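I opened my notebook for a first walk through this structure. Here is what I looked up, in the order that the text follows.

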Amino acid sequence: MPNRRQFFKKSLLLTASGLFLGSRPMVSTAQEVDTANKTSKLTPPPDLFDAQALDMDFWLKPRTLDLIRPVSGERVKLLYWKDGDMIDSAYQQFCHVLRDVNGKKTAPIDPKLLETLWATQAFITRFGMTKPLEVLSGYRTPESNQRLREDGIPAARKSLHLEGRAADIRIGDLHEEVLGELIQSFRQGGVGFYFRANSKGGWIHTDTGLNRSWKG
């Protein structure tokens, strides 16, 4: 029986082949459904990123981030870090893309958040997946955050979105749980798993706060 590391790798490879589609796996028998439910609860070992990604070459190469905001239709793909320095013009553009679209306000985004988004995207690129990272929510004004709470949408009263330190994301055709487990293996902040049984699927919350995880 494959261990957790093998399952995680297999999930990524299946996604790259177009066989692991979001939260809507194509299964046809009760046995397959049961197997899918069991494997979906597995988590990668805590040393997965240490063993596979945290090497000198990975972190020293130039960083290009490919983001899309479905709500505004914007897509930005830019080199934002090279030779140990942030490229300010690119950083400012990413702050704009991660703005509060509803509140129409931009705020500084924590560079560590961009680092998490980039590393996630760079890691799965190793498996042949090159779709842009979809940002459902980035910075939020207090007014926008309160409006979400009033509408019954998950939003913490003191959300790190208010400080530009959090983003709700997903990647097309990549299972939310696999995406969340991958980000969680960085151990660089909070990770929230939001599974939804609809055509668009769920999303993953990632932030630069305390190391913790939850399901919402």
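**Entry 1: a pair across two strands.** I am working with a predicted model. I began with G190 and asked what stands opposite this residue in strand 8. I found R212 there. Stepping back to the whole strands, I noted that strand 6 and strand 8 (residues 212–215) pair in the parallel sense, over 4 bridges.

**Entry 2: the other neighbor of strand 6.** Next I looked up strand 7 (residues 203–207), which pairs with strand 6 in the antiparallel sense, again over 4 bridges. I wrote down two partners here: V191 stands opposite T206, and F193 has I204 as its bridge partner. A reminder to myself: strands of a sheet pair through backbone hydrogen bonds, either parallel or antiparallel.

**Entry 3: is strand 6 buried or exposed?** I checked residues 190–194 and found that 5 of the 5 are buried, so I call the strand mostly covered, taking buried as under 20% relative accessible area. I then sorted the residues by direction: G190, G192 and Y194 point one way, while V191 and F193 point the other way. Residues on both sides are buried.

Entry 4: In what order do the strands of the open sheet run? I read it off as 3-2-1-4-5-7-6-8, which makes 8 strands with mixed pairing. At the edges I found strand 3 and strand 8, each of which pairs on one side only.

**Entry 5: helices across the strands.** I followed helix 8 and saw that it lies across strand 5, strand 6, strand 7 and strand 8. Helix 8 runs at about 175 degrees to strand 6. Helix 6 lies across strand 1, strand 2, strand 3, strand 4 (133–137), strand 5 and strand 7. Its angle to strand 1 is about 95 degrees.

**Entry 6: where two helices meet.** I looked at helix 6 and helix 8 (residues 176–184) together; their axes come within 10 Å and cross at roughly 120 degrees. That angle makes helix 6 oblique to helix 8. I also noted that the crossing is right-handed. Which residues make the contact? From helix 6 I listed T116, T120, F123 and I124, and from helix 8 I listed L179, L182 and I183.

**Entry 7: one face of helix 5.** In helix 5 (residues 88–97), I marked A90, Y91, F94, C95 and V97 as buried. Why do I say that they line one face of the helix? Seen down the axis of helix 5, the buried residues fall within an arc of 160 degrees, so one face holds them. I then looked for what they pack against, and found strand 1 (63–69), strand 2 (74–82), strand 3 (85–86) and helix 6 (111–125).

**Entry 8: two positive phi values.** D173 has a phi near 70 degrees, a positive value, and is not a glycine. I placed D173 in the loop between strand 5 (166–171) and helix 8. At 36% relative accessibility, D173 counts as partly exposed. R187 is not a glycine and has a positive phi of about 55 degrees. R187 is in the loop between helix 8 and strand 6. With a relative accessible area of 36%, R187 is partly exposed.

Terms used. Residues numbered from 1 in each chain as written. Predicted model: local features only at pLDDT ≥ 70, side-chain atom pairs only at ≥ 80, totals over all residues. Heavy atoms only, no water. Buried < 20%, exposed > 50% of the residue type's maximum accessible area, 1.4 Å probe, protein only. Pairing = 2+ DSSP bridges. Arc of directions from axis to C-beta. Contact = heavy atoms within 4.5 Å. Axes fitted to C-alpha atoms, helices over the stretch in contact; angles between N-to-C directions. Parallel < 35°, antiparallel > 145°, perpendicular 65-115°, else oblique. Left-handed = near helix turned anticlockwise from the far one by under 90°.
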